[in-house]
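The following paragraphs lead through one structure, from its overall fold to individual side chains. Please keep the sequence and the coordinates in view while reading.

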Amino acid sequence: MLERKSSKGNLEKRRTTFLIIGFVVVLGLVYAGFELFAPAKNLLT
């Protein structure tokens with residue numbers, strides 16, 4: 001008798017969702033890095 005994997009453990013159908021979440025997290029980190037380490041603008045001059 002063949003043992004089959006359960007469909008609950010299959011992550012292939014959510015692969016694009018995880019990919020998009022990963023892109024959003026990475027882009028957020030890049031944006032935060034640029035905001036934190038950018039030189040401060042002097043708004044008074």
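**Fold, surface and contacts**

The protein chain contains 1 helix and 0 strands, where helices (H or I, at least four residues) and strands (E, at least two) are DSSP runs numbered from the N terminus. The model is predicted, so local features need pLDDT of at least 70 and side-chain atom pairs count only at pLDDT 80 or more, whereas totals for chains, interfaces and linings use all residues. Residues are numbered from 1 along each chain as its sequence is written, and side-chain values use heavy atoms, with hydrogens and water left out.

Helix α1 covers residues 15-37. Its 23 residues should span 33 Å at 1.5 Å a residue, and the end C-alpha atoms are 33 Å apart, in agreement; the expected span is 1.5 Å times one less than the number of residues.

How many residues of α1 are buried? The count is 0, and α1 is hardly covered. Buried means under 20% relative accessible area, exposed over 50%, and partly exposed in between (1.4 Å probe, protein chains only). Of the 45 residues of the protein chain, 0% count as buried.

Leu11, Phe18, Ile21, Val25 and Leu29 make a nonpolar surface patch of about 510 Å². Patches consist of residues with over 30% relative accessible area and no salt bridge; like charges are joined within 9 Å, nonpolar side chains (Val, Leu, Ile, Met, Phe, Trp, Tyr) within 5 Å. Phe18, a residue of α1, is partly exposed at 45%.

The structure holds 1 salt bridge, defined as a side-chain nitrogen of Lys or Arg within 4 Å of a carboxyl oxygen of Asp or Glu. Glu12 forms a salt bridge with Arg15, with the closest N and O atoms 3.8 Å apart.

Definitions and conventions: Areas by Shrake-Rupley, 256 points an atom, 1.4 Å probe, with all protein chains shown as cover.
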